Amino acid sequence: MQRFENKVVLVTGAGSGIGKASAARVAAEGGSVFCVDLNAQALEATVAEIVSAGGEATARVCDVGDEASVQACVAECVAHYGSLYALVNMAGILRFDDTEQLQTAHWQKVIDINLTGTMLLCRAVLPHLLESGGSIINAASTAALSGLPCGVAYSASKGGVLAMTRSIAVEYAKRGVRANCVCPGDIKTGMTDDVGFPETMDWDLLPRIMSISGAKGPEVMAGVIAMLASADGIHITGEDIRVDGGTLS
Ligand SMILES: NC(=O)c1ccc[n+]([C@@H]2O[C@H](COP(=O)([O-])OP(=O)(O)OC[C@H]3O[C@@H](n4cnc5c(N)ncnc54)[C@H](O)[C@@H]3O)[C@@H](O)[C@H]2O)c1
């Protein structure tokens, strides 16, 4: 089934993990993918893999926290492909800090990329999604739904993404644009490979973020994201889908 035939999907965070797996899945289902990331080399690899599998993809380096870059990036996507059907907004960063030692600059960076960056993309694509009747899939987290030890900045950013997405869903529902979140948990990616914890981390609390059935690869997210972005998700908006192997069940 080619659910994305003649459809253009912009994927942020396409250089790694869930964004990369989603880009590959959309391309495998016939879509043209506009891949966005901060990491040029990683983006190149994503596009090369999609093209060698017979798919269509283009890449653009962009810092999602930079307003002018985001505007230019979305304009380039629409100029290149002529339309936009979905935004898969996966770019993000994770850091753990002891709350009493959390530096304001570190808090701000997480908020700038994870929350403000997510909003900048949503705002820039909406005029195009109104034309195509398309949708947005934002990356929230299980950390938006349950406390994350030493994760004050990250969980605040993801809680904001969840609330913002519901508001967009309600504001645009009558106009045919949908907005949903995925809440991944314990997905093996670059983000979870490379985590630094503060010395004060209480390891007894870590099982709170571990999946009961074991960590899984990013492809388990890609299928859910493709469903939400496609016509199969046509009556789903303002929803957050937890994909965490039962962590919060
Ligand atoms: N992996 C998990 O278990 C998990 C759990 C909950 C939520 N999430 C969320 O899912 C999304 C994808 O995470 P992932 O696990 O695939 O991580 P990842 O680190 O593998 O991929 C994130 C990508 O975002 C890019 N990026 C970072 N900052 C950027 C910026 N300013 N501009 C553009 N690109 C930028 C990185 O270069 C990277 O390629 C993130 O928003 C993350 O917070 C992941």
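**View 1. Strands β1 and β2 lie side by side in the parallel sense.** Here β1 (residues 8-12) pairs with β2 (residues 32-37) over 5 bridges; strands count as paired if DSSP finds at least two bridges between them. Look for T12, which stands opposite V36 in β2. Helices (H or I, at least four residues) and strands (E, at least two) are DSSP runs, numbered from the N terminus. Residues are numbered from 1 along each chain as its sequence is written. This is a predicted model, in which local features need pLDDT of at least 70 and side-chain atom pairs count only at pLDDT 80 or more, while totals for chains, interfaces and linings use all residues.

**View 2. An open sheet is built from 7 strands.** Their order is β3-β2-β1-β4-β5-β6-β7, with parallel pairing. β3 (56-61) and β7 (240-243) stand at the edges with a single partner strand each, so one side of each has no neighbour in the sheet.

**View 3. The ligand sits among 33 surrounding residues.** The closest are S16, G17, G92, T189 and M191. Helices α1 (17-28), α4 (104-132) and α6 (190-193) each supply at least two shell residues.

**View 4. V9 meets residues from elsewhere in the sequence.** Leaving aside neighbours within four places in sequence, V9 is in contact (C-beta atoms, placed from the backbone, within 7 Å) with F4, V26, G31, V33, Y85, A86, V88 and A229.

Definitions and conventions:
Near = placed C-beta within 6 Å. Contact = placed C-beta atoms within 7 Å.
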